Amino acid sequence: MPKAIVISLGEDYYTLYLKDVPLPRPGPHELLLKIVAAAINHRDLYIRQNLYPAISFESPLLADACATVCTHPSQVSQPQQFALSKRVLINPGSGWLTNPEGPEEAYTVHGGTSTSPLGMLQEYVAVPATEVEPAPDHLSDEEAAALPLAGLTAWRAFSTKSGNAEAGRNILVTGIGGGVALM
């Protein structure tokens, strides 16, 4: 039976707990993915410290992962993009479809909260094909896994929120010790 890591009550931190979970059954437009690497973000530490909203003791932790395609349905619009064993990145949240300015609906980040049952600290996930992109070939599984949440946040801050993302303009990046600033 596949495994997932969730949190349980502890003294200072919520403790990590390994549990059995059923193998996900992908829906008609979903891919079954095997997680090969997952990455931690500051929000995962905040969840373990009870400093993040809507904490769940059922949802696996982590929003970021690199995975390989195990099965895909015939309804996927570009099946060659999702060939079996193809390395992919999973959108770290849901509710942001096409608008570069930001989410069109209530956006939720995956992992460890009751707002999304999906978390990447498990062996298999089923996700809509629209929420998956090919992993960059030049990155290792671990490097690729660390890209989605911090990368999307950095891209959005730089390209749509700064107002200065134009040729010849300077942008000051503060907080350089964090994952987003390092992107």
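1. Basis of the note. Because the model is predicted, local features need pLDDT of at least 70 and side-chain atom pairs count only at pLDDT 80 or more, while totals for chains, interfaces and linings use all residues. Residues are numbered from 1 along each chain as its sequence is written, and side-chain values use heavy atoms, with hydrogens and water left out.

2. Helices (H or I, at least four residues) and strands (E, at least two) are DSSP runs, numbered from the N terminus. Strand S1 covers residues 3-8 and strand S2 residues 15-20; they pair in the antiparallel sense over 6 bridges, where pairing requires that DSSP finds at least two bridges between two strands. Within this pair, Lys3 has Asp20 of S2 as its bridge partner. The two strands, S1 and S2, form a hairpin, with 6 residues between them.

3. Strand S4 and its partners. Strand S4 (residues 64-71) pairs with strand S3 (residues 30-39). The sense is antiparallel and there are 7 bridges; in this pairing Ala37 stands opposite Cys66 of S4. S4 also pairs with strand S5 (residues 87-90), in the antiparallel sense over 3 bridges, and the bridge partner of Ala67 in S5 is Val88.

4. Burial of S4. Buried means under 20% relative accessible area, exposed over 50%, and partly exposed in between (1.4 Å probe, protein chains only). Strand S4 is largely enclosed by the rest of the structure, because 6 of its 8 residues are buried.

5. Helix H3. This helix, residues 148-161, has 14 residues and spans 18 Å from its first C-alpha to its last, close to the 20 Å expected at 1.5 Å a residue; the expected span is 1.5 Å times one less than the number of residues. Buried residues in H3 are Pro148, Leu149, Ala150, Gly151, Ala154 and Thr160. After H3 comes Gly163, with a positive phi near 75 degrees.

6. Ser56. Where does Ser56 lie? Ser56 is in the loop between helix H1 (42-48) and S4. Ser56 counts as buried because its relative accessibility is 11%. Its side chain reaches the backbone nitrogen of Glu58 at 3.0 Å, and a polar atom of the Ser56 side chain lies 3.0 Å from the backbone nitrogen of Ser59. Leaving aside residues up to four places away in sequence, Ser56 touches Ile7, Gly112, Thr113 and Ser114, contact meaning heavy atoms within 4.5 Å.

Methods: A polar contact is a pair of N or O atoms within 3.5 Å; within protein, one must be able to donate a hydrogen and the other to accept it, and residues adjacent in sequence count only if both atoms are side-chain atoms.
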